[in-house]
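Good morning, colleagues. Please look at the sequence and the structure as they come up, and I shall then go through a few parts in turn.

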Amino acid sequence: MQKNHLMNEGPLLNEEGNLAEPGYAFSLVKEYSRSAIKAPKWRIKEWDYYYIGNDDYGLALTIADNGYMSMASISLLDFKTRKEETLSKIGLFPMGKLHLPSSSKSGESKIEGKGFDFSFVNDGKTRHLLCHIKEFGKKKETFRADILLEETTDDSLVIATPFRKKAHFYYNQKINCLRAHGYAKHGDKTYDFNSSFGVLDWGRGVWTYRNTWYWSSLSSMYNGHLIGWNLGYGFGDTSAASENIFYLDGKAFKLGDVKMEIPLTKNGDDYLSAWRFHSSNGDINITFNPIIDRHADTNLLILRSNQHQVFGLFSGTILLDGTPFQFENVMGFAEKVYNKW
């Protein structure tokens with residue numbers, strides 16, 4: 001049975017560059033510092049990923065410094081037309097030059113280049129996401145986004161996960177149920193995000209070369225309740241804690257394990273057929289009906305990232321301290337990502 005160890009405050013890493021205390025917390029209790037890492041700069045991975053969405057469309061924005069490469073990425077999804085467009089701007093060997101904040105509590109993440117600029121500013125109360133791309137999509141039209149995000153709960157999911165290799169770790173915070181205000185505009189079309197919710201995936205760490213992860217996130221209103229979850233697994237040693245949590249009207253419920261079953265065909269995973277989510281103790285029983293598979297496979301032989309981020313509707317039951325919470329056709333996403341990096 002999983003221990004689900006609750007972490008205490010203090011430095012994230014010890015003198016050897018290993019996690020001082022693996023486990024989970026409901027806030028960023030551990031202090032992350034690049035100077036404490038005992039790995040080459042090109043192995044350090046840092047990113048801020050935001051997804052904001054509603055029942056009609058979604059927007060994903062990323063700023064990342066993955067050591068050997070920087071990335072500014074945007075995905076714009078239309079669930080009614082079942083179409084998406086993604087653009088990623090890549091730079092070489094930033095190795096910390098982006099100066100991404102060592103904490104998600106405040107600071108600015110910024111990246112710019114020819115024809116684009118991204119800025120995520122957190123003043124400690126509100127997160128302000130700004131994005132401008134001169135040419136985006138098949139028609140090469142201008143894209144702009146200006147979105148404010150406010151936290152609706154004091155609790156978030158924070159997990160410190162070790163790998164079996166020394167000086168390798170992942171420190172991650174997922175903040176669900178961020179209330180959105182603002183818009184995005186692509187060409188002549190405006191996307192209103194004032195009735196939307198978002199999630200922040202804040203990650204810092206040193207990863208092993210080859211790994212696969214599964215992740216699902218949801219933040220939405222349902223029958224007058226604000227609900228959200230973070231479900232995931234697949235990398236590192238998670239014996240100290242899972243990264244699974246459910247939110248109901250601002251209250252956090254820690255969950256144990258989860259398994260995401262993707263239908264198989266003779267050609268492999270069938271991402272656009274119904275998935276099944278379940279847990280060993282029966283507290284998770286979910287069906288996921290996909291709408292869009294945002295697939296990207298960057299294969300440079302030595303380096304590869306094969307991503308299937310699938311958006312769709314979730315229905316099912318989750319037991320919260322033994323009490324069932326049922327829901328039907330709530331928009332969210334689930335993904336399977338394989339990396340050699």
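Arg-210 stands opposite Lys-340, a residue of strand β26. The model is a predicted one, and I ask you to keep that in mind throughout. Strand β16 covers residues 210-222 and strand β26 covers residues 323-340; the two pair in the antiparallel sense over eight bridges.

Strand β16 also pairs with β17, residues 225-233, again antiparallel, and here nine bridges join the two. Within this pairing, Met-221 has Leu-226 in β17 as its bridge partner. The hairpin of β16 and β17 has two residues between the strands, and Asn-223 takes a positive phi there, near 50 degrees.

How buried is β16? Of its 13 residues, 10 are buried, so the strand is largely enclosed by the rest of the structure.

I turn now to the sheet. It is an open sheet of nine strands with antiparallel pairing, in the order β19-β18-β17-β16-β26-β25-β24-β23-β20. Which strands stand at the edges? They are β19, residues 251-254, and β20, residues 259-261; each has a single partner strand, so one side of each is left without a neighbour in the sheet. On average, and with direction ignored, neighbouring strands of this sheet are turned by 20 degrees against each other.

Further along the sheet, four bridges join β23, residues 275-278, to β24, residues 284-299, and these strands run antiparallel. Trp-275 has Phe-288 in β24 as its bridge partner.

Let me continue with the aromatic residues. The structure holds 38 aromatic pairs. One of them is formed by Trp-213 and Trp-341; this pair is tilted, with 6.1 Å centre to centre and 50 degrees between the planes. Because Trp-213 lies in β16 and Trp-341 in the segment after β26, the pair ties together parts that are 128 residues apart in sequence. Trp-213 counts as buried at 14% relative accessibility, and Trp-341 counts as buried at 6%.

A further pair is that of Phe-246 and Phe-325, whose ring centres are 5.7 Å apart and whose planes stand at 55 degrees, so this pair is tilted. Phe-246 lies in strand β18 and Phe-325 in strand β26, 79 residues apart. Phe-246 is buried, at 0% relative accessibility, and Phe-325 is buried at 11%. Both belong to one aromatic cluster, which also includes Trp-275 and Phe-288.

Finally, two lysines. The charged end of Lys-45 sits over the ring of Trp-341, 4.6 Å from its centre. Lys-254 lies over the face of Tyr-24, at 4.9 Å from the ring centre.

Terms used:
Residues are numbered from 1 along each chain as its sequence is written. This is a predicted model: local features need pLDDT of at least 70, side-chain atom pairs count only at pLDDT 80 or more; totals for chains, interfaces and linings use all residues. Side-chain values use heavy atoms; hydrogens and water are left out. Buried means under 20% relative accessible area, exposed over 50%, partly exposed in between (1.4 Å probe, protein chains only). Two strands pair if DSSP finds at least two bridges between them. Axes are lines fitted to C-alpha atoms, for helices over the stretch in contact, and angles run from 0 to 180 degrees between N-to-C directions. Rings of Phe, Tyr and Trp (its six-membered ring) pair if their centres lie within 6.5 Å; planes under 30 degrees apart count as stacked, over 60 as edge-to-face and the rest as tilted. A charge sits over a ring if NZ of Lys or CZ of Arg is within 6 Å of the ring centre and within 35 degrees of the ring normal.
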